[in-house]
Amino acid sequence: MATKRVAHKITLTANAVLLGGVRSLSGPGHSRDIIDVTDLDADITVPWPSPVLELGECTFTLFWDREDTAGHVALELLLTDPLAAGSDPRTKIKTFIITFPFGLVPKQTFSGWIKDAGALSFEVKGEVTRDLTVQVTSIPVDSA
Amino acid sequence: MIDESLRAFLAADLAIADLAEEIAVGQVPIDDTGEPLIDSYIWFQQFDEDDWLDLDGLSGMTEFVFDVECVSTNILTAKTLAQRVRALCQGFGYDQTMNGGTVTAGYVESKDDSYVPVNRFQETNTTVTALTVTLYTDDTINDT
């Protein structure tokens, strides 16, 4: 029987650094497109699954700390640092690990690159947070 | 049983045991004239219960919400008791044991201005620091 969970004590590691101040986490998601193979004389549509899996995104919100050079700032630099001339853009692909406090395979590992670091907003009495988006480049793998 | 679990959990804390003369569940410790029998105590009462049912009626996770009031004739004592409750229950770890039952997560919030404390007295000046404590539990703790 499926066990019900509360999102609690879940951690995110990015490029071998355990991130502090993770406010929320979503993903990684993936999807499969539809190939429409409906005949002209068909009465219903015939939607076949695409053989190609579409890898999605992982988004998370951090209580942004611009002085956390090893964690938060390093993530931003992964996005903003230009590639050296002639270098392989795949060097921007890093390993991400989500760790859950339950289950026999509590680690979910995938690779990806920082696609977006959202704008910082400062508001009176407001939390200083930042949304980051990772473009996932591998199917997540569960492990112990 | 959840009441007893929370009561025993709070009572086991040395700072609370040192400051609070009683941890009252539901019933306010008052004398015949309606005045408090003791100077400092923690009072709590279950406010809400939400059973996370499947469509097929299976439980497995229950959310309990408590009104908690830290009451004292000494303002510092009331505030210190509230700080201890907050420190013990806010972010209570994943699947930790609370008096024999398993609590998946615990959270604490301060009451807002619209909350009317239960522990109010005509003659005795007391400070009441009111909190909302939410506990998520599996079926090892229930409300019986």
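Let me start with a cysteine: A:Cys58 has 0% relative accessibility, so it counts as buried. Keep in mind that this is a predicted model.

B:Cys89 is also on my list. Its relative accessible area is 0%, so B:Cys89 is buried. B:Cys89 takes part in no disulfide. The nearest cysteine sulfur belongs to B:Cys70 and lies 9.9 Å away, while a disulfide needs the two sulfur atoms within 2.5 Å. Searching the whole structure, over all chains, turns up zero disulfides.

Now the interface. How many residues of chain B are in contact with chain A? There are 16, and they meet nine residues of chain A. On the chain B side, B:Trp52, B:Tyr94 and B:Tyr107 account for 52% of the area buried against chain A.

Next, the polar side of things. Seven residue pairs are in polar contact across the interface, both partners at pLDDT 80 or more. The count of salt bridges between the chains is one. Which side chains form a salt bridge? They are those of B:Asp54 and A:Lys4, at 3.1 Å from N to O.

As for where the chain B surface comes from, strand β5, residues 101-110, gives the most to the side touching chain A, with three residues. By residue type, that side of chain B has nine nonpolar, five polar and two charged residues.

Notes:
Residues are numbered from 1 along each chain as its sequence is written. Chains are lettered from A and ligands numbered from 1 in the order in which they are written. This is a predicted model: local features need pLDDT of at least 70, side-chain atom pairs count only at pLDDT 80 or more; totals for chains, interfaces and linings use all residues. Side-chain values use heavy atoms; hydrogens and water are left out. Contact means heavy atoms within 4.5 Å. Buried area is the accessible area (1.4 Å probe) that two parts lose on being put together, summed over both. A salt bridge is a side-chain nitrogen of Lys or Arg within 4 Å of a carboxyl oxygen of Asp or Glu. A polar contact is a pair of N or O atoms within 3.5 Å; within protein, one must be able to donate a hydrogen and the other to accept it, and residues adjacent in sequence count only if both atoms are side-chain atoms. Helices (H or I, at least four residues) and strands (E, at least two) are DSSP runs, numbered from the N terminus. Ala, Val, Leu, Ile, Met, Phe, Trp, Tyr, Cys and Pro count as nonpolar, Asp, Glu, Lys and Arg as charged, and the others, Gly among them, as polar. Buried means under 20% relative accessible area, exposed over 50%, partly exposed in between (1.4 Å probe, protein chains only).
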